[in-house]
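Please read each point with the structure in view.

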Amino acid sequence: MNTRDKIFQQIDSYRDILIDLQSNLTSRPAVAPDAGGQGEYEKVMWLKSYLNKMGFDAVEELDAPDDRVPQKIRPTLIATINGKDTSRNIWIIAHTDVVPAGELNLWLSDPFQIKVDGDLIFGRGTEDNQQGLCSAVLAAKAIIDNKAVPAYNVKLMFVADEEVGSEYGINYILAHNKSLFNKNDLILVPDVGDPIGQEIEIAEKSILWVTCRIIGKQAHGSKPDIGINAARAAANLIVQADGLRYKYSASDKVFGVPTSTIEPTKCSNNVSNMNTIPGEQIVGFDCRILPQYDIIELAKDFRKICDGIEASFGVKIEMTEQQHVQSAPPTKTTDEVYIRLAQSIEEVTGVKPVPVGIGGGTVAASFRQLGYSVGLWSTLNEKCHSPNECSSISNTLKDAKVFADFMLR
Ligand SMILES: [Zn+2]
């Protein structure tokens with residue numbers, strides 16, 4: 001039997017190891033302080049000692065300072081297996097933080113104690129992003145246990161803070177430890193996926209979140225002439241913003257939602273009674289724009305509409321941007337990371353991969369901004385962030401084989 005087959009057979013024997021790993025990770029809730037948690041420290045320290053026992057050539061910790069959490073740090077781990085060619089790295093990057101459990105009575109079991117039911121492991125974080133984390137760890141374990149030497153250095157990176165914008169995670173690492181990465185490194189992010197495992201994500205839309213606070217003048221409902229109705233101005237603002245869809249009208253079939261989207265979302269309560277002209281109204285827009293458009297231009301268009309509404313309705317509009325992420329040029333299907341990943345997927349699973357784009361918001365965006373190609377892939381049932389989140393054991397082991405194949409190729 002050749003090494004590759006031996007490694008695959010070994011991965012098939014890791015079911016109990018996977019369940020134990022998922023159990024330990026899930027029982028240490030790693031919720032960001034922005035979402036009311038205490039950060040990733042406990043979970044990451046447990047993982048660090050686990051990785052230390054596995055036999056990596058090195059396990060390093062990089063800490064982003066954060067005064068809001070008890071230990072004052074948000075830790076990231078890097079576990080390395082030295083390759084035949086040490087001038088280049090294969091990165092598999094997963095995040096350790098999870099979103100809160102949400103509505104507890106919608107869960108059929110304790111979100112932070114796993115429940116195993118056949119092929120499924122239930123618990124918060126089991127899919128997002130512990131499935132990706134576990135498949136990377138098990139691929140590395142099989143390589144180490146078989147004393148195989150990967151083609152290039154294998155570096156597993158487990159980052160913090162992904163769910164709330166990565167300021168204390170990958171963005172901190174990229175700002176302070178840029179020399180970790182070489183331009184010819186191969187970077188994989190197992191944090192998006194479909195149930196068949198055929199989609200390789202290569203592009204993300206740009207994101208702009210705009211909040212408009214419309215200030216008018218409150219008055220009695222029967223005397224609108226002495227007030228300034230903020231609700232009417234808000235309604236007109238929403239209608240005019242809708243017109244932006246015709247300016248940003250290009251479509252790209254690589255994306256599941258092929259056009260740019262400009263959606264009015266948040267709308268504040270104004271007055272609690274029927275007979276008062278509201279003096280203030282807040283409306284929010286979630287815009288996901290195809291990468292070829294400039295998001296600064298879109299923000300200017302919003303301001304222009306606000307100026308027009310101010311002039312027509314006599315209101316004042318304070319416009320703020322919550323999120324402003326210009327997406328980088330997509331990874332190309334001719335890039336080495338895409339070609340290698342597609343080969344590994346097809347050879348291990350028999351599925352022919354297709355390139356796709358998504359609505360935005362993974363750690364890959366930060367790398368693409370700096371000119372790196374990134375392949376995002378895993379086999380997911382897409383239960384992330386929902387109650388009764390779960391992860392498939394067989395998919396995790398299959399993904400681990402794909403990553404092991406990628407490391408050896
Ligand atoms: Zn995730």
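1. The buried residues of helix α9 pack against β7 (186-189), β8 (199-204), β16 (374-376) and α11. Those buried residues are V337, Y338, L341, S344, I345 and V348. Viewed down the axis of α9, they fall within an arc of 135°, so they line one face of the helix. Here a residue is buried if 20 or more other C-beta atoms lie within 10 Å of its own, exposed if 12 or fewer, and partly exposed in between, with C-beta atoms placed from the backbone. The arc is that of the directions from the helix axis to the C-beta atoms.

2. This is a predicted model, in which local features need pLDDT of at least 70 and side-chain atom pairs count only at pLDDT 80 or more, while totals for chains, interfaces and linings use all residues. Residues are numbered from 1 along each chain as its sequence is written.

3. Helix α9 (residues 336-349) has 14 residues, which should span 20 Å at 1.5 Å a residue; its end C-alpha atoms are 20 Å apart, which agrees. The expected span is 1.5 Å times one less than the number of residues. After α9 comes G350, whose phi is positive, near 80°.

4. Helix α2 (residues 15-26) has 12 residues and reaches 16 Å from its first C-alpha to its last, close to the 16 Å expected at 1.5 Å a residue. Its buried residues are L18, L21, Q22, L25 and T26. Seen down the axis of α2, these residues fall within an arc of 120°, so they line one face of the helix. Their cover includes α3 (41-54), β5 (120-122), α4 (130-145), β17 (390-392) and α11 (393-408).

5. Strand β13 (residues 280-289) pairs with strand β9 (residues 206-215) in the antiparallel sense over 10 bridges, and W209 stands opposite D286 in β13. Strand β11 (residues 261-267) also pairs with β13 in the antiparallel sense, over 5 bridges; P264 has F285 in β13 as its bridge partner. Two strands pair if DSSP finds at least two bridges between them.

6. The protein has 11 helices and 17 strands, where helices (H or I, at least four residues) and strands (E, at least two) are DSSP runs numbered from the N terminus. Of its 409 residues, 45% count as buried. Among contacts with a separation of 6 or more, 79% are between residues 24 or more positions apart; a contact requires C-beta atoms, placed from the backbone, to lie within 7 Å.

Key
Two residues are in contact if their C-beta atoms, placed from the backbone, lie within 7 Å.
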